[in-house]
Amino acid sequence: MALNIVWIAFFVIAFIVALVKLIAFGDVEIFKKLADGIFDSAKSSVIDVAFPLTGTMVFFLGLLNIAEKAGAVNVLARLLNPLMKRIFPEVPDKHPAMGQMVMNFSANLLGLDNAATPFGLKAMESLQTLNPEKERATNAQIMFLVLHTSGLTLIPLTIIAYRISAGSVAPASIFIPCVIGTLMTTLASVIVVSIWQKIKWDLVLLGWVLAALAAVGVMLFYVNSLSPESKEVFSKIVGNMLLFVIVVSFIIGGAWKKVAVFDAFIEGAKNGFDVVLKIIPYLVGMLVGIRVFRDSGALDYVINAFAWAISALGFDTSFVPALPVAIMKPFSGSGARGLMLDIFKNPELGPDSFPGLAASIFQGSADTTFYIIALYFGSVGIKRVRYSIWAGMIADFIGVIAAIIIAYIFFK
């Protein structure tokens, strides 16, 4: 119901805004712009999003099938079982979904979005086997999805690369702020959903969270001690090297366990096409709705309203030029990235201006909530998403507030 209301609102609000622009301001091009946006986004949803995703899905689902047959996924599930069974109490101990979710979180942690998606879709499929009401999201599915939308990343490689290409003199300066921002969003996600689901925080769960925070702290301390050039080299090497280590480890592990490795790969890879075909309608519907909402100018009015409210309350508005990135990010990753790059290219701002730095932190502090909900729930046919949107948006809002505070602490 929530997703249904949001999707309807995209089109209705866009129509009303466009009608006002036509009647009150004489904008005769506005409806042409909306119509062109519908066709363009419908095409790009398939050509630029779904089709490129197919190859990645095929490869990593094949690889994951090798890992499952070799027992690697079960090993991961056993290692993290004390933590996972507290966050996901409805999932049985050592269930395959546990290991698959760990693979998804690990890929996200390393900034490997392309690898994270196939692992995440496989985890959602496994969680669906435990779902007694196939069209209604379970608590475990919602917890997994909201955690995924928090976008916890230790290596913001993509953002650093964009800053380098924009001519930043300190491209890696946002490394630690981005990590802290995404960590705050992830903690907010866990807390918000655990309150909703009445999950008990015992000493074991608290110990795991504190240990994770300590590990991140040690990593940040080490990275902070590196020179800017070394940070960029570290970012480029670690994530990609670990990804290849995972690939080789699964293949060698499968051979060690006497699995017919290539046959297992082909068996798992075949599911990649089926998954992509399932998610195409959801992708097209959501991305077209977001495009229409943005092209109508409704997003600009929302941003202006926020800017006015912030100014009226007497707060500093230095970050306001970067606010569109924060508002767009839950709806469209590519849209938020485009807005960030617009700030980088703006001769009055640029990547090293305060808005440029704040935009970088916004971009790295969360993920695309609506896109991920449409993608993951659509892949298993869930229509009743319950409170997942509101939980994700609350966590995103907390993440934005945290990102603003972090930006002022580090760069003001």
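Start with charge: the protein carries 30 positive and 26 negative side chains, and the centres of those two sets sit 8 Å apart. Keep in mind that this is a predicted model. As for the fold, you're looking at 18 helices and zero strands. The radius of gyration is 22 Å, close to the 22 Å that the globule rule gives for 412 residues, so the protein is as compact as a globular protein of that length.

**The whole protein**

- Taken along the principal axes, the C-alpha atoms fill a box of roughly 70 × 50 × 40 Å.
- Buried residues account for 53% of the 412 residues.
- Take the contacts between residues at least 6 apart in sequence: 77% of them join residues at least 24 apart.

**Helix H5**

- Helix H5 covers residues 96-109, which makes 14 residues.
- H5 is mostly covered, with ten of its 14 residues buried.
- Among those buried residues are Ala97, Met98, Gly99, Gln100, Met101, Val102 and Met103; Asn104, Ala107 and Asn108 are buried as well.
- Leu109 also belongs to H5, but Leu109 counts as partly exposed because its relative accessibility is 28%, which falls between the 20% and 50% cut-offs.
- Leu109 and Ala269 are 160 residues apart in sequence, and their C-alpha atoms are 24 Å apart in space.

- Gln363 sits in helix H16, which runs over residues 354-364.
- Is Gln363 buried or exposed? Gln363 is buried, because its relative accessible area of 11% is under the 20% cut-off.
- Leaving aside residues up to four places away in sequence, Gln363 touches Ile159, Val325, Lys329, Gly333, Ala336, Arg337 and Met340.
- Val233 is part of helix H11, residues 228-256.
- With a relative accessible area of 45%, Val233 is partly exposed.
- Val233 and Lys33 are 200 residues apart along the chain, and 43 Å separates their C-alpha atoms.

- Most residues other than glycine have a negative phi, which is the background for the next two.
- Lys198 has a phi near 55°, a positive value in a residue other than glycine.
- Where is Lys198? Look in the loop between helix H9 (175-197) and helix H10 (203-224).
- Lys198 is exposed, because its relative accessible area of 74% is over the 50% cut-off.
- Arg386 also has a positive phi, near 55°, and is likewise a residue other than glycine.
- You'll find Arg386 in the loop between helix H17 (369-379) and helix H18 (388-411).
- Arg386 is partly exposed, with a relative accessible area of 27%.

Conventions: Residues numbered from 1 in each chain as written. Predicted model: local features only at pLDDT ≥ 70, side-chain atom pairs only at ≥ 80, totals over all residues. Heavy atoms only, no water. Helix = DSSP H or I, 4+ residues; strand = E, 2+ residues; numbered from the N terminus. Expected span 1.5 Å × (residues − 1). Buried < 20%, exposed > 50% of the residue type's maximum accessible area, 1.4 Å probe, protein only. Rg over C-alpha atoms; globule rule 2.2 N^0.38 Å. Contact = heavy atoms within 4.5 Å. Lys, Arg positive; Asp, Glu negative; His and termini not counted. Charge placed at Lys NZ, Arg CZ, Asp CG, Glu CD.
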